[in-house]
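Subject: Structure handover and findings

Dear colleague,

Please find the structure below, followed by an account of what was found in it. I would be grateful if you would read the two side by side.

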Amino acid sequence: MRGRPYIVKSWIKQHLQVFFYTLGQFSRNRLNISMTLLALGIGFSIPLIMYSVVDSISRIGGQWQERPQITLYLARETQQAQIESLQAILEEDARLETIQYISAEAGLKELGAQFQFEQALALLDENPLPPVFVVFPGAADEVEAISRLTADLGRLPHVASAQYDFEWLQKLSALTEFLKRIVILLAIIIAVGILLLITNTIRLEIANRKEEIEIIDQLGGSSAFISRPFLYMGFLEGFLGGLVAILISPSVLKLLNAPLLRLAELYGFAFELPLARPDISLMVLLVSGLLGWISARFTVFQHLRLLAPV
């Protein structure tokens, strides 16, 4: 009686034979397989590239969220004694971590240096800028708390207006969530399309090998034995399609990075589209292979009943 080690060894051998047989089929149909894999790779690369874009946008928010600031614009006629009194009030506020005062003269000088039009500003009859306090809240990650703090600071004496310089961060966060939904929906739509593409490929392969299937069935081949090559074919098509997507994505991201870097520099951001992380790449390979296997399994068990003799 044959023992368990022999059965396991035989099972592994059968699967290896089918695996290399499927690779041989790919080699004999290089053109068709290459076109199919390219189509699959392009399909898988779209959500992968969009994920990199959304991830980069999310990290922009993270960069700025590290230290949000509130700007207090004082009335232009505010006297020095009133400014010192207001500064004392701000220093006593436990919610504030750092306080920075910028006089109207210092603000004008900084503005001219930043945008390189000192000569034009020198022609002004009077300084149009008000004195400003820039304060940095301690709770940097609590947007609602900072919004309430901004409203409180805006009611202080001699404060004309208080501006939370990171209100746009909430809009960016909402945009990021919207883009994430788009990526998910797009990935689902593409996954359905890939399922249909691989299903059609397996259906054609089954039709082309109808006589072979009938002979194997007449010789006593089991359904599992007959379906195994098609399951491997579906899995390998999906897996290799995912691999093509991983190889395509860096080239596309590199083309997008150059103009994005120039745009980011204009706004003072460190923005770059990163390559897919190893865990994301592994997930793409596993999901693409699984989609291929599911497509093949569905198609095989649906069509073998029709093609095999009764």
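In what follows, a residue is buried under 20% relative accessible area, exposed over 50%, and partly exposed in between, with a 1.4 Å probe and protein chains only. By that scale Phe235 is partly exposed at 33%, and Phe239 is likewise partly exposed, at 27%.

This is a predicted model: local features need pLDDT of at least 70 and side-chain atom pairs count only at pLDDT 80 or more, while totals for chains, interfaces and linings use all residues. Residues are numbered from 1 along each chain as its sequence is written, and side-chain values use heavy atoms, with hydrogens and water left out.

Confidence. The mean pLDDT (the predictor's confidence in each residue, from 0 to 100) is 79 for the protein, and 79% of its residues reach 70 or more. Helices (H or I, at least four residues) and strands (E, at least two) are DSSP runs, numbered from the N terminus.

An open sheet is formed by 4 strands in the order E2-E3-E1-E4, with antiparallel pairing; two strands pair if DSSP finds at least two bridges between them. E2 and E4 are the edge strands, each pairing on one side only. From one strand to the next the twist averages 20°. Strand E1 (residues 70-74) is joined to E3 by 4 bridges, the two running antiparallel, and Thr71 stands opposite Val134 in E3. H3 packs on this sheet and touches E1, E2, E3 and E4, its direction making about 5° with that of E3. Contact here means heavy atoms within 4.5 Å; axes are lines fitted to C-alpha atoms, for helices over the stretch in contact, and angles run from 0 to 180 degrees between N-to-C directions.

Aromatic pairs. Rings of Phe, Tyr and Trp (its six-membered ring) pair if their centres lie within 6.5 Å; planes under 30 degrees apart count as stacked, over 60 as edge-to-face and the rest as tilted. The count by this rule is 2 aromatic pairs. In one, the ring centres of Tyr101 and Phe133 are 5.0 Å apart with planes at 50°, so the pair is tilted. Because Tyr101 lies in strand E2 (residues 96-102) and Phe133 in strand E3 (residues 132-137), this pair ties together parts that are 32 residues apart in sequence. Tyr101 is partly exposed at 29%, whereas Phe133 is buried at 0%. The rings of Phe235 and Phe239 have centres 5.8 Å apart and planes at 25°, so they are stacked. These two are 4 residues apart in helix H9 (residues 223-267), about one helical turn.

Nonpolar cores. A nonpolar core is a set of buried Ala, Val, Leu, Ile, Met, Phe, Trp, Tyr and Cys residues joined through side-chain atoms within 4.5 Å. The largest has 21 residues, and those with the most contacts inside it are Leu40, Phe44, Ile194, Ile202, Ile206 and Phe230. Helix H2 (30-65), helix H7 (167-208), H9 and helix H10 (278-307) each give two or more residues to this core. A second, separate core of 15 residues includes Leu72, Leu90, Leu149 and Val159.

Backbone. His158 has a positive phi of about 75° although it is not a glycine. His158 is found in the loop between helix H6 (143-154) and strand E4 (159-164), and is partly exposed at 34%.

Yours sincerely
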